[in-house]
Amino acid sequence: MTSEGKPRALDVAELTAPGDVPSADVVEMAHRRQRHQDRIAGTVRGLPPEETVTADGSDAIAALVLGTAITVQLEDEQPLLMHQALQHDRTWSEIATAAGLTVDQARAAYTAWADTLGDRDRTKALGLAG
């Protein structure tokens with residue numbers, strides 16, 4: 001994918017470690033990951049079936065790197081989503097189930113996040129936590 005005819009940073013980055021992934025949203029990372037997986041499988045979208053693409057080990061590493069980067073980004077967003085759920089009167093049981101955590105784990109993750117906020121925002125966030 002390009003932006004105004006120029007390749008985006010994610011499209012041209014050499015990915016050998018999660019820190020190599022430039023700022024991108026999860027969808028963009030998932031698309032690039034799928035392209036690497038397609039190369040590994042030899043089924044690149046948009047190519048006729050008779051044309052093949054040979055993948056190398058860098059495709060597997062890039063797919064692993066992107067999977068890790070996606071996981072990290074989603075985990076970073078989780079406390080904010082918990083906060084939004086609490087603002088809409090959802091219970092800790094509902095939040096924990098949705099996050100695949102126990103209630104204690106969800107509360108701990110949320111509280112750790114709230115502790116990183118400024119005084120006023122932390123007070124509000126912890127007030128929602130009940």
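Helices are DSSP runs (H or I, at least four residues), numbered from the N terminus, and the expected span of a helix is 1.5 Å times one less than its number of residues. This is a predicted model: local features need pLDDT of at least 70, side-chain atom pairs count only at pLDDT 80 or more, and totals for chains, interfaces and linings use all residues. Residues are numbered from 1 along each chain as its sequence is written, and side-chain values use heavy atoms, without hydrogens or water.

**View 1. Helix α3 from end to end.** The helix has 31 residues. From first C-alpha to last, α3 reaches 46 Å, close to the expected 45 Å. A kink of about 35° lies at Gln 78, shortly before the proline Pro 79. Such a bend is the angle between axes fitted to the seven residues ending at a residue and the seven starting there.

**View 2. The crossing of α3 and α5.** Helix α3 (residues 57–87) packs on helix α5 (residues 103–114) at about 105°, with axes 9 Å apart. Axes are lines fitted to C-alpha atoms over the stretch in contact; angles run from 0 to 180 degrees between N-to-C directions. The two helices are therefore roughly perpendicular (65 to 115 degrees).

**View 3. Residues where α3 meets α5.** Pro 79, Leu 80, Met 82, His 83 and Leu 86 of α3 meet Ala 106, Ala 109, Tyr 110 and Trp 113 of α5 (heavy atoms within 4.5 Å).

**View 4. Asp 89, after α3.** Asp 89 sits in the loop between α3 and α4 (92–99). Its phi is near 60°, a positive value in a residue other than glycine. Asp 89 is exposed, at 69% relative accessible area (exposed means over 50%, with a 1.4 Å probe and protein chains only).

Technical notes:
Angles under 35 degrees count as roughly parallel, over 145 as roughly antiparallel, 65 to 115 as roughly perpendicular and the rest as oblique. Buried means under 20% relative accessible area, exposed over 50%, partly exposed in between (1.4 Å probe, protein chains only).
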